[in-house]
Structures are given as C-alpha cells and as structure tokens.
Amino acid sequence: MEHPQNSFAVTREEIRDFYPKLAPHIRRTPVISVDGPELGLEPGTLALKLELLQHTGSFKARGAITNLLTKSVPRAGVVAASGGNHGVAIAFAARKFGVAARIYVPTVASIAKIDRIRGYGAELMIGGELYADAYAESQKWAASSGAMAIHAYDQRETLLGQGTVGLEIEEQVPDLDTLLVAVGGGGLIGGISAWYAGKIRIIAVEPDKAPTLTRALEAGRPVDAEAGGIAADSLAPRRVGELMFPLAQKFVERVLLVSDDEIKQAQQALWKEMRIAAEPGGAAAFAALLARKYQPVSTEKVGVVICGGNTDAVDFSK
C-alpha cells in the first residue's frame, strides 16, 4: 500500500474504507457499560471495549490480518518479532491464509503466548532477552530467507488494522468523551488516534518501567526508554514507532504512568468485579482509572480499551 499524501501514516477515511474488507475476518468485540461509583463516576459513564475477546486474545489480530489482506506473501512466508501477542496474531493469520510463519520472541514472553504461537503452527524462535533483540534476529532471517517481515507496530498496514478498534468504539459509544489506551510500541493508540483525529480526548497509559511514549514526547522524537516491568511482554519494546509518533504528538492529550502494583490491582479488580481475565498489558489502561491517575468529572463518558487477555494467571485446575 502506498503512503498517503499527508503527514500521517493512515487517516480516518482510509480506516473507514478498509474496514469492510477486514470485518469478515475479525470479531466485532463488545463494549460493556460499567457502573463506576467507586471511581467517582455516575452509573453508565464507564465503557470497556473488550478487545481481549478478539481472535488470538488481543487487538493484534487486526493488524496481522490487514498485512496479509493487502500484500503478496513470498514463498518463504512471513516473519515477525514479538513480545507475544503480535506473534500469536501473525501465527493465526498465517494459518488462516495458508502461509508459513516464523516468530521470534524474547525470553520475557509469557508461556501462555508461546504456547498459542506454537498451537497455531508457526515456527517459534527465541531471540534474546528483550523485544529489540528478537526484532534484530527477525530482520536477519527476513534478509537471508526472503520472508516478508511484518512489524508489530511501526508499519502502515498494522496501524490501519488497529485503527478499526477506534471505528468500532465510535459506533458502539457515540457519546464518548475520553478514551484510555495502553501504549507499548504505539500501534493501537496510533491507529485509534488516526481514527478519532481529535474528536475526543485520547489518554495514553504506560507502565512506569517502560515509558516509551513519555520519553519520546519529552525528546520530540522516538528514543530508547527503559523496557521492564510486569507488562514487558506486551508494553516494553524500547521505543515507540516512527509512524505513530506524529499522531501521538497531534492527538494524544497526555501520557499517564502506572506501577506494576497498580497494574496487578487492576487485573484483580477486573477479574473480581467483572470476571474479565486481562493480561498485565491489557489491564494497564484500566489501572490508570482505578489508581486515580486519571480523574474524570462525574458526568464524563470514559472508555477504556482492555486490549489483551493472553494470561495463564487464572488457574482453573483448582
């Protein structure tokens, strides 16, 4: 796909036009309305977009499928680096479209995600300790094999697919004022920001041990940041993408940082109150609300994207 003739990698119009092509291959994940008195909210003013119910357990399936719908895949197949969820999504999409896939993951990838990648039939490779290490290995393989590399977040087609999350939310909650979105490499918030283009308030949420967008906005460009914490397998790619950064500069109002303990508390609250089993990265945006890092006015309509559920934290063997 050609780069659009404007300053942003993708636009609202492109997301709208592409959605009918993607829709048959994805789930239109539900939004639930939550009473929020404990958060100082009026009943019905909190909406959760349950993107953890997407194919493969995260929003990443949208970008993965978009890449395979819009490109010709070589005989060598596809290759990707991933903390886990992107790899699961690529493995799923590759099986769906009948192409070979090799996935490089770092040692911090969770067993739940590794098992899902293998379960979809992809070849799994361990590529170092962090996402950046796995990415370097995946690039070597792409160069030597001729496989098509699919980036987890810094690729136009990936942003296009993730932007459809925003399209669905606007249709499901047309009176939304504010949306909280977790950030790792920025593909999700970049796509959502492209969709809304300033129509609502977009708040980014990052782990304080992986402040990639925070550091980028401070520096005025993507730069390396710390890459640790409980959500390191989904929200710690070292730096945000070049393509999403102008969208974040223009349309993200602010970035909030949450601690590992706050993320754990959000996971526990989502499970206890709503039986939502979110992985750490999937619960991070909700953590900002629960920990009062973001304090809406009482009548403000707030949305939170619960973006992933690939966790083995809920043990049914007991």
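Trainee: Which side chain does Lys 49 join through a polar contact of 2.7 Å?

Mentor: A polar contact is a pair of N or O atoms within 3.5 Å; within protein, one must be able to donate a hydrogen and the other to accept it, and residues adjacent in sequence count only if both atoms are side-chain atoms. The model is predicted, so local features need pLDDT of at least 70 and side-chain atom pairs count only at pLDDT 80 or more, while totals for chains, interfaces and linings use all residues. Residues are numbered from 1 along each chain as its sequence is written, and side-chain values use heavy atoms, with hydrogens and water left out. By these rules, the side chain paired with that of Lys 49 at 2.7 Å belongs to Glu 168.

Trainee: Is Lys 49 buried or exposed?

Mentor: Lys 49 lies in strand E2, residues 46-50; helices (H or I, at least four residues) and strands (E, at least two) are DSSP runs, numbered from the N terminus. Buried means under 20% relative accessible area, exposed over 50%, and partly exposed in between, with a 1.4 Å probe and protein chains only. Because the relative accessible area of Lys 49 is 2%, the residue is buried.

Trainee: Which backbone oxygen does the side chain of Lys 49 reach?

Mentor: Contact means heavy atoms within 4.5 Å. With neighbours within four places in sequence left aside, the contacts of Lys 49 include Thr 29, Arg 62, Glu 168 and Ile 306. The backbone oxygen that the side chain of Lys 49 reaches, at 2.7 Å, is that of Thr 29.

Trainee: How many residues are in the largest nonpolar core?

Mentor: A nonpolar core is a set of buried Ala, Val, Leu, Ile, Met, Phe, Trp, Tyr and Cys residues joined through side-chain atoms within 4.5 Å. In the largest one, the residues with the most contacts inside it are Leu 48, Leu 179, Leu 180 and Ile 306. Apart from this core lies another, of 9 residues, among them Tyr 104 and Tyr 153. The number of residues in the largest core is 92.

Trainee: At roughly what angle do the axes of H1 and H2 cross?

Mentor: Axes are lines fitted to C-alpha atoms, for helices over the stretch in contact, and angles run from 0 to 180 degrees between N-to-C directions. Angles under 35 degrees count as roughly parallel, over 145 as roughly antiparallel, 65 to 115 as roughly perpendicular and the rest as oblique. H1 (residues 12-22) and H2 (residues 60-70) are therefore roughly perpendicular to each other, since their axes come within 11 Å and cross at roughly 85°.

Trainee: How many charged residues are in the contact of H1 with H6?

Mentor: The axes of H1 and H6 (residues 156-172) come within 9 Å and cross at roughly 90°. Residues making the contact include Arg 12 and Phe 18 of H1, and Leu 160 and Glu 168 of H6. Ala, Val, Leu, Ile, Met, Phe, Trp, Tyr, Cys and Pro count as nonpolar, Asp, Glu, Lys and Arg as charged, and the others, Gly among them, as polar. There are 6 nonpolar and 3 polar residues, and the number of charged ones is 6.

Trainee: How far apart in space are Arg 12 and Ala 197, C-alpha to C-alpha?

Mentor: Arg 12 is found in helix H1, and at 23% relative accessibility it counts as partly exposed. The side chain of Arg 12 reaches the backbone oxygen of Trp 195 at 2.9 Å. Arg 12 and Ala 197 are 185 residues apart in sequence, but the distance between their C-alpha atoms is 7.3 Å.

Trainee: What phi does Ala 197 have?

Mentor: Most residues other than glycine have a negative phi. The place of Ala 197 is in the loop between H7 and strand E8 (201-207), and at 36% relative accessibility it counts as partly exposed. Ala 197 is not a glycine, yet its phi is positive, at about 50°.

Trainee: How many of the residues of H12 are buried?

Mentor: H12 covers residues 280-290 and holds Ala 284, which counts as buried at 0% relative accessibility. Arg 275, in the loop between H11 (260-274) and H12, counts as exposed at 54%. H12 itself is mostly covered, and of its 11 residues the number buried is 10.
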